[in-house]
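Here is a short briefing on one structure.

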Amino acid sequence: MKNCNFLFLLIFIFSANQVYSQSNLDQTFVNNIEDLIKKKDYQNIELEQVKFLSFCKENDSLLLWMNSNKKWARSFFDQPNISMLFFKDIEQNLWREPLSPQEKISYTSFLLNFQYLYEMGYNDFIKAKIIAEKAHQFIQQKIKRTEDFPKYSKDLKTKVVQSEIYVLHHLANIYNRLGDEKKAENYFKEELAIAINNKRWNLIGALYGDLGKLYLNSNYPEKAMELYRTGLKNEFIQADSRNYLLLNYAHELVKFDSLNKAKLIAQQIEKELLQLTINNLPTLQGRQIILDEIWIQIYKKEKKDIKQAERIEMLLNKAHQSNPSKKGRQIAKYYLIYADFFFEKGAFENMNLYLDSAFQAIIPNYTFPIKITDIYPENTILEALEGKARLFETMAAQGDQENNLSQALACRALIFEVERALRSTYQYESSKLYLQELSRERTEKALDVAYQLYKITQEDHYKEQAFQLAERSKAILLSESIRALSVKEAFGLPEAILEREQELIAYQNYFQKTLIQHELAATVKEDSLHNQLKAQLFEVEQELYQLQDSIRTAYPKYAEQVQEIVPLDLSKLQAQLHKNDRTLVEYFIGSTHWYRFVLDGTNIQLERKELQSSLTTSIQNILQLLPTKLEQEKDYQRYLQLSQEVYKELIGDISISTNGLLIIPDGQLNYLPFESLICSKEGNTTNYLIQEKAISYAYSARVLEQYNSYSSTATQSYLGLAPVSFSKDMNLATLNFSEAEVTSVQALLEGQSLIKEKAQLTPFRTAAADYKIVHLSTHAGAGEVPWIAFQDEKMYLPEIYNLPLNADLVVLSACETGLGELQKGEGAMSLARGFAYAGAPSTLMSLWKVNEGATKTILQDFYTELKNGASKDDALRQAKLNFLANDNGIQQAPYFWSGLVVIGDAKAVFPTTNWWYWIMGGGLFLFLLFLLRKRKKIADIQ
């Protein structure tokens with residue numbers, strides 16, 4: 001037994017010596033590198049780092065290696081390029097995954113510090129976002145979901161919570177800076193939930209302020225005010241958090257001109273800042289800066305110029321003291337405040353100097369004019385370019401119009417490049433749509449400049465530039481989606497990645513649909529199931545975004561092509577119009593003017609008119625009358641009058657020599673069937689535009705151009721669907737004509753029909769990709785979330801986006817399939833648009849609750865014309881003319897026939913071959929062959 005004890009003692013002493021020896025060696029490496037850091041001997045640091053890495057690998061000292069490199073990297077935060085070397089060492093040489101709790105927390109800390117370096121050291125918010133997302137995912141999947149997490153000590157769990165709060169806060173701020181407010185809101189809410197769960201009262205108060213500020217900037221002041229009041233009433237929130245809430249509250253009061261109350265609160269905040277014990281000096285300085293900004297806005301509204309200038313100067317001085325390198329977004333913001341101050345005073349030279357200072361703070365090696373290669377996704381660049389454009393536009397009014405307006409237009413063109421870069425960083429469609437809405441205002445300003453230049457110079461290229469600008473404001477997100485469908489195939493993305501993307505999209509659709517159904521059915525919307533569904537949706541969207549982000553990183557040329565907005569080839573567009581015998585009429589409705597572009601095979605016309613409230617009112621009144629039968633004489637006469645007025649204003653003064661019109665609408669015009677407008681009325685004869693021209697519609701000329709290269713590879717001609725009756729929980733009326741409508745077309749075109757219980761969503765999904773024409777005769781709704789009904793369930797708009805379609809035409813024989821929330825810059829968010837997203841180049845849709853019998857009659861004739869080789873717009877025109885000709889007057893009202901319209905590519909689905917050309921060509925070929933043989937015989941005889 002003694003011998004055993006002695007043996008254990010020897011083993012212990014040997015082990016201790018080994019540990020002591022290794023520990024000394026650890027410290028030797030660390031000391032050597034730190035000595036070299038002090039001497040700034042960077043070459044030998046790198047050599048010593050290689051040895052240190054080798055030693056750590058041999059001894060599997062992952063924690064030592066990460067902690068040491070983090071410490072050294074942080075010591076060089078003021079020299080980002082050197083700091084980056086240490087972080088890159090961790091990123092590139094991680095020889096295994098972190099396993100122990102301490103290693104996992106250390107790795108998370110590395111990611112958070114690495115993200116901070118990109119954000120603050122390089123102003124690279126895109127890279128910072130990617131690393132922060134990685135940190136968030138690592139905490140969620142590798143720490144909190146592991147079996148050993150409940151066994152963590154209290155201290156380790158606290159560190160995990162702190163790390164999670166930190167990363168969520170930075171993600172929220174990054175997305176807010178990039179303009180993706182939806183995503184920022186989600187992250188702030190997630191952070192707030194963790195803070196409440198862990199009773200971090202001081203943090204909770206700050207988050208009420210941050211989230212409130214986000215709502216304020218997103219034009220939801222009521223939400224912001226509610227949060228501020230909630231926070232200020234909370235007795236647990238400490239004084240410094242309460243002070244931060246007051247800052248945000250004062251800012252909101254200024255925005256809404258409650259200046260006296262704002263001044264009282266600002267004075268209170270100033271006193272509190274002197275008394276508060278805030279250990280973090282940068283936090284205190286940050287609050288003083290916010291307070292200065294509030295006073296600047298107060299003095300600006302009170303027109304106290306001297307006080308305003310003094311505060312701006314104070315603000316700049318503080319910013320420079322806290323950022324001696326005089327670089328960065330925040331300083332640029334303050335220069336822009338000063339530039340705005342001088343603009344209002346008419347001191348344009350000073351304004352220009354401060355605008356240049358703002359650019360110098362955010363663009364390395366800045367020179368004007370700015371190169372497109374200097375553009376990156378940063379809102380401050382956009383704001384500074386807006387300032388430059390405004391300066392040139394104002395100076396144009398004082399002289400040298402052409403030069404100043406040209407400079408302004410060049411600035412505005414660069415603004416759109418910044419927008420494109422920003423849009424590429426957004427995940428949620430709602431955020432992209434919000435950017436599009438803001439873009440509309442900027443497009444209107446750019447159009448105004450281009451129009452002025454055209455009027456001054458009479459140079460055609462300004463008309464063309466104006467048309468390109470109008471096009472940039474239309475259906476860009478739809479265009480990107482269509483482009484992505486083809487580009488993925490062209491770049492040969494791996495099948496496994498595409499399959500995983502589709503799988504995640506399917507999960508996303510499922511949770512979106514379940515959430516919609518729950519919100520529609522639940523009396524209490526914020527219950528536990530609602531929160532669980534939101535969390536699951538958020539998780540899937542995060543993974544999907546990570547996957548798509550990795551695709552963009554691995555295939556940068558693919559990402560560039562999807563996002564790139566190549567100017568339209570106008571000569572190609574005009575050649576297509578000439579070939580199809582069509583005239584394109586495109587509208588842009590601004591806040592003060594509306595623009596109209598008219599293109600045919602040879603000319604481009606540009607006209608600008610002042611936006612009269614009378615025109616807007618007339619269109620609104622027509623839109624109210626169209627879905628009615630006009631049975632009362634006063635309604636009929638009212639419609640006649642308004643329709644002729646609107647026709648004359650919108651289209652009556654255009655000389656149109658072609659057989660058809662292609663309308664690209666805007667604003668409320670998205671809901672107006674132009675064929676119902678009355679060209680003239682003589683006695684009892686009413687002449688509608690449909691009786692003069694074939695009419696089709698498009699989301700944009702760019703989208704049409706993309707459709708021109710599309711060709712369906714579907715092997716079968718027709719798929720019809722008619723549920724007839726629906727499951728009881730949907731509470732939808734039986735559609736008595738729908739079965740006959742669908743089967744009569746099947747008899748004409750052959751194909752397949754899904755009738756009654758066969759008309760369910762899953763069989764439709766399975767079959768849809770195999771057919772050139774997909775015809776849905778059912779119910780639909782255009783509420784907050786548009787839907788279309790199958791026999792067993794409804795399919796909502798988000799699901800339609802990812803349908804596997806391969807059709808030339810989708811026919812939506814249902815109510816209001818062309819209606820939806822109107823989004824500036826993108827159009828109506830309708831079911832028809834959803835099918836376009838899914839890849840359908842053209843859709844026949846309805847603009848109101850259609851008459852079932854009239855629809856059946858019109859569609860039968862439409863398909864007959866289509867089968868005979870007619871284009872879609874010609875086929876629909878002839879079907880409507882037949883309906884009007886065969887009617888005895890009872891159903892002459894546009895309600896019965898004009899609500900069905902074709903949007904998208906109008907070319908024929910079954911183009912016919914002109915056999916006379918073939919016969920003549922064949923005859924000519926035989927005649928030439930005969931002559932050649934005859935000559936050969938003569939030559940042989942000779």
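**Cavities and a helix pair**

The lining of the second largest cavity is made up of seven nonpolar residues, four polar ones and no charged ones. The model is predicted. The count comes to two cavities of 30 Å³ or more. Notes on both follow, then a helix contact.

**Second largest cavity**

- The volume of the second largest cavity is about 30 Å³.
- H35 gives the most, with three residues.

**Largest cavity**

- The largest cavity has a volume of about 40 Å³.
- Phe416, Glu419, Arg420 and Arg423 are among the residues that line the largest cavity.
- Gln436, Ser439, Arg472, Ile476 and Ile565 also belong to the lining of the largest cavity.
- Two or more residues of this lining come from each of helix H18 (401-423) and helix H19 (429-457).
- Which helix gives the most to the lining of the largest cavity? H18 does, with four residues.
- By class, the lining of the largest cavity holds four charged, three nonpolar and two polar residues.
- In the second largest cavity, by contrast, the lining has no charged residues.

**Packing of H5 and H6**

- Helix H5 (residues 101-121) packs with helix H6 (residues 125-144) at an angle of about 165°.
- The axes of H5 and H6 lie 8 Å apart.
- Because of that angle, H5 is roughly antiparallel to H6; the cut-off is over 145 degrees.
- H5 and H6 cross with left-handed geometry.
- On the H5 side, the contact is made by Lys104, Tyr107, Thr108, Leu111, Leu112, Phe114, Gln115, Tyr118 and Glu119.
- On the H6 side, the contact is made by Phe125, Lys127, Ala128, Ile131, Ala132, Lys134, Ala135, Phe138, Ile139, Lys142 and Ile143.
- The residues of the contact of H5 with H6 divide into 13 nonpolar, five charged and two polar.

Conventions. Residues numbered from 1 in each chain as written. Predicted model: local features only at pLDDT ≥ 70, side-chain atom pairs only at ≥ 80, totals over all residues. Heavy atoms only, no water. Axes fitted to C-alpha atoms, helices over the stretch in contact; angles between N-to-C directions. Parallel < 35°, antiparallel > 145°, perpendicular 65-115°, else oblique. Left-handed = near helix turned anticlockwise from the far one by under 90°. Contact = heavy atoms within 4.5 Å. Nonpolar A, V, L, I, M, F, W, Y, C, P; charged D, E, K, R; others polar. 1 Å grid on protein atoms, 1.4 Å probe; cavity = no way out; pocket = protein on both sides within 12 Å on 5 of 7 lines; lining within 4 Å. Points joined across faces, edges and corners; volume = space filled by probe spheres on them.
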